Structures are given as structure tokens and as C-alpha cells.
Amino acid sequence: MKDVIKISTVAFNATWGDKQVNLNRMLGYVDAAAAEGANLIVFPEMGLTGYDDDEEDKPQSEKMQTKLAETVPGPSSEAMAQKAKELGVYIAFGLPERDKDDASVIYNAACVCGPEGVIGSYHKIHLPFPEPHWATRGDEPFIFETPWGPVGLGICYDTYCFQELMRYYAAKGCRLYVNCTALAKCHGVALGSTTLEAGSIVNQIYIVSANLAGKDLYNDFWGGSSIIGPSTKFWEAEYFAGYPFTDPRAAENRMYTATVDLTLATREKFKPNALIGGATDFRPAVYRKLYEDLLQDPKFQE
């Protein structure tokens with residue numbers, strides 16, 4: 001398994017509702033990143049179409065996201081897959097995905113393509129306002145295999161407010177977590193960078209985030225795409241590329257690239273500890289009991 005990977009992440013000012021323009025721009029960024037030697041290129045949540053909901057009282061069928069949604073594989077993912085094959089890279093990008101079996105079901109999704117073509121897609125599990133106006137919740141994690149080992153993927157709210165997903169990926173062996181995000185300034189100054197830094201520190205993994213940047217339809221997005229990982233300083237996180245969301249430099253439409261050494265992602269809490277008989281500090285059997293207790297409450301049942 002390889003340990004050293006070069007990653008590019010794009011703070012992307014998507015053109016709201018213009019899929020072709022956004023796709024062409026993303027393909028251009030992939031060319032540029034590959035020319036710099038990047039192995040993985042990450043774009044934001046809903047980068048293909050823009051994020052913002054249009055008029056709230058519109059029926060779902062008339063929403064921009066519904067009209068522009070595609071299946072995976074589909075035209076845009078196939079174009080990305082062709083580029084990934086041509087350049088031998090991995091690409092993750094956000095889009096509204098139409099369910100293959102029920103065209104009325106749309107997901108807030110992130111598609112992953114690689115040298116072998118379309119790998120698959122992740123459907124956002126947790127939907128904040130206003131996404132339920134057009135999207136259906138997913139319910140499955142998504143890990144894709146690479147020469148650098150398994151990589152886990154989440155989208156925005158999944159990452160900042162529900163630590164279970166990132167921790168699951170780290171426990172499964174992921175040293176790198178991809179966060180496709182659309183974090184706007186209306187969400188405040190503390191939610192994004194604080195939780196990403198904490199996630200990297202407590203799980204001892206790398207996190208690559210790609211965020212929308214600047215004005216969408218009405219929201220102003222932070223930018224702040226970054227590559228964060230374990231520092232050589234004990235229990236600290238390092239920005240290997242990019243900026244915290246609130247940094248004044250973060251809002252520009254810009255690509256950031258860094259080479260990282262995944263051996264620093266030690267994930268020690270998930271490894272056998274000789275002091276406790278080879279068990280791990282991480283205790284899923286205990287947590288299962290806690291969650292089984294919670295499931296006795298009807299409000300937590302699906």
C-alpha cells in the first residue's frame with residue numbers, strides 16, 4: 001500500500017443552475033491538478049449545479065436540483081470518469097443524483113471516479129434545511145479503494161454534526177476522509193473549521209474538504225477548502241493546504257494542492273492495545289448497547 005499521496009482541493013464558485021459550465025470548469029481543474037501530479041482531486045457539495053434552493057413553495061418536480069439531476073453513471077459522471085481514466089487520477093464531486101429505479105427520488109450525492117471509471121456515489125445521510133425540499137436521505141456509508149488504502153466520503157452536515165460517520169471510516173482503516181461541503185456564512189464562524197480540526201485530531205486521520213466559494217443564488221459561501229491532517233506536534237492538527245473557513249483569504253475561487261504522508265494518520269485508538277489484552281480503546285460493543293437503548297425511543301426509529 002502506498003503512503004504518500006498528492007491531493008488537490010478546489011474552492012469553487014459554482015454557477016447556479018448551469019451544469020455544463022460547471023462541468024467544463026471542473027474538468028479544467030482536473031487537467032491542471034493532474035499536471036501538478038495530483039492523485040486525488042476533490043470538488044464541493046453540489047459543485048455540478050450550485051447548492052441554493054430556489055423558491056421554497058415550488059413543488060419538488062420544479063426545483064433546479066430535480067431538473068438537473070442525473071443518474072450515476074450518467075452524462076456528467078461519465079465525462080469525469082473519462083478524464084480520470086485518461087489521467088490516472090481519482091475525482092470526487094458533488095451533484096444532485098436521480099435514483100435509477102424511481103425518477104422522483106433525488107439525492108444530494110457525491111460521485112467518485114477513478115482510473116477504472118465510475119466507482120460509485122455516496123448519498124448524504126443527514127439533510128439540513130433546506131435540502132429536504134428536494135432531496136431524500138441516504139442511509140449507507142461509502143468507502144472507495146485506492147492504492148493508498150480505503151478512503152471514506154461524507155458531505156457537509158454529515159461531517160460537522162454527526163461524528164459517527166468519520167469515526168466509522170477511521171475504524172474501517174481509512175487514513176483519509178473526503179468532505180464535499182457547501183458551508184455558507186449563515187452557518188456561523190465556529191461550525192466548520194473547529195469540527196474538522198477536532199475530527200482530524202481525535203480520529204488521527206487526514207481530512208480533505210472542498211467548499212463552495214462566494215455567492216451562489218443567495219447564500220455567500222466561505223470557501224476555505226483545505227487539507228488538514230495530524231501534526232508532528234502531539235494532539236494537534238496541521239493545515240497542509242488551504243485555509244480555515246473564516247480566514248479572509250479563503251473565499252477566493254482557487255485550487256490548493258499538497259503532498260501528504262499518510263503514515264502520520266496513526267489511528268491509534270482503533271489498534272490493539274497491549275495494556276488491555278490486545279483490545280482497542282475504541283469500544284463498539286459498548287456503543288452498540290447505548291444505541292440499542294436509544295432505539296427504544298420511537299423518535300429515533302427510521
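The model is predicted: local features need pLDDT of at least 70, side-chain atom pairs count only at pLDDT 80 or more, and totals for chains, interfaces and linings use all residues. Residues are numbered from 1 along each chain as its sequence is written, and side-chain values use heavy atoms, with hydrogens and water left out. Helices (H or I, at least four residues) and strands (E, at least two residues) are DSSP runs, numbered from the N terminus. Two strands are taken to pair if DSSP finds at least two bridges between them. Strands of a sheet pair through backbone hydrogen bonds, either parallel or antiparallel.

**Sheet β5-β4-β3-β2-β1-β14**

- This open sheet consists of six strands in the order β5-β4-β3-β2-β1-β14, and its pairing is mixed.
- The edges are formed by β5 (117–123) and β14 (254–261); each has a single partner strand, so one side of each is left without a neighbour in the sheet.
- On average, neighbouring strands of this sheet are turned by 25° against each other, direction ignored; axes are lines fitted to C-alpha atoms, for helices over the stretch in contact, and angles run from 0 to 180 degrees between N-to-C directions.
- Strand β2 runs parallel to β3 (residues 90–98), and three bridges join the two.
- Within this pairing, I41 has I91 of β3 as its bridge partner.
- Helix α3 (residues 75–87) packs on the sheet and touches β3, β4 (106–114) and β5, with its direction at about 20° to that of β4; contact means heavy atoms within 4.5 Å.

**Sheet β6-β7-β8-β9-β12-β13**

- The order β6-β7-β8-β9-β12-β13 describes an open sheet of six strands, again with mixed pairing.
- Here β6 (143–146) and β13 (237–242) stand at the edges with a single partner strand each, so one side of each has no neighbour in the sheet.
- Neighbouring strands of this sheet are turned by 25° against each other on average, direction ignored.
- Strands β8 (residues 176–181) and β9 (residues 206–211) run parallel and are joined by six bridges; C180 has A210 in β9 as its bridge partner.
- Strands β9 and β12 run antiparallel, joined by three bridges, and V208 stands opposite I227 in β12.
- Strand β12 (residues 226–230) also pairs with β13 in the antiparallel sense, over five bridges, with S226 bridged to G242 in β13.
- The hairpin of β12 and β13 has six residues between the strands, and W235 in this hairpin takes a positive phi near 55°.
- Five of the five residues of β12 are buried, so β12 is largely enclosed by the rest of the structure; buried means under 20% relative accessible area, exposed over 50%, and partly exposed in between (1.4 Å probe, protein chains only).
- Helix α5 (residues 163–171) lies across β6, β7 (149–155), β8 and β9, and runs at about 175° to β7.

- V286, Y287, L290, Y291, L294, L295 and F300 form a nonpolar patch on the surface, with about 620 Å² of accessible area together.
- Patches are made of residues with over 30% relative accessible area and no salt bridge, with like charges joined within 9 Å and nonpolar side chains (Val, Leu, Ile, Met, Phe, Trp, Tyr) within 5 Å.
- A salt bridge is a side-chain nitrogen of Lys or Arg within 4 Å of a carboxyl oxygen of Asp or Glu, and accessible areas come from the Shrake-Rupley method with a 1.4 Å probe, where for residues only the protein chains shown count as cover.
- V286 is found in helix α7 (residues 284–294) and counts as partly exposed, at 31% relative accessibility.
- D293 also has its place in helix α7 and is exposed, with a relative accessible area of 54%.
- From C-alpha to C-alpha, D293 and F282 are 19 Å apart in space, and they are 11 residues apart in sequence.

- D31 lies in helix α1 (residues 19–35) and counts as partly exposed, at 32% relative accessibility.
- Not counting residues up to four places away in sequence, D31 touches K83 and L87.
- D31 and I41 are 10 residues apart in sequence and 9.9 Å apart in space, C-alpha to C-alpha.
- K63 lies in the loop between β2 (40–42) and α2 (64–68) and counts as buried, at 0% relative accessibility.
- Residues touched by K63 are D53, D54, E55, E56, K58, H133 and W134, not counting residues up to four places away in sequence.
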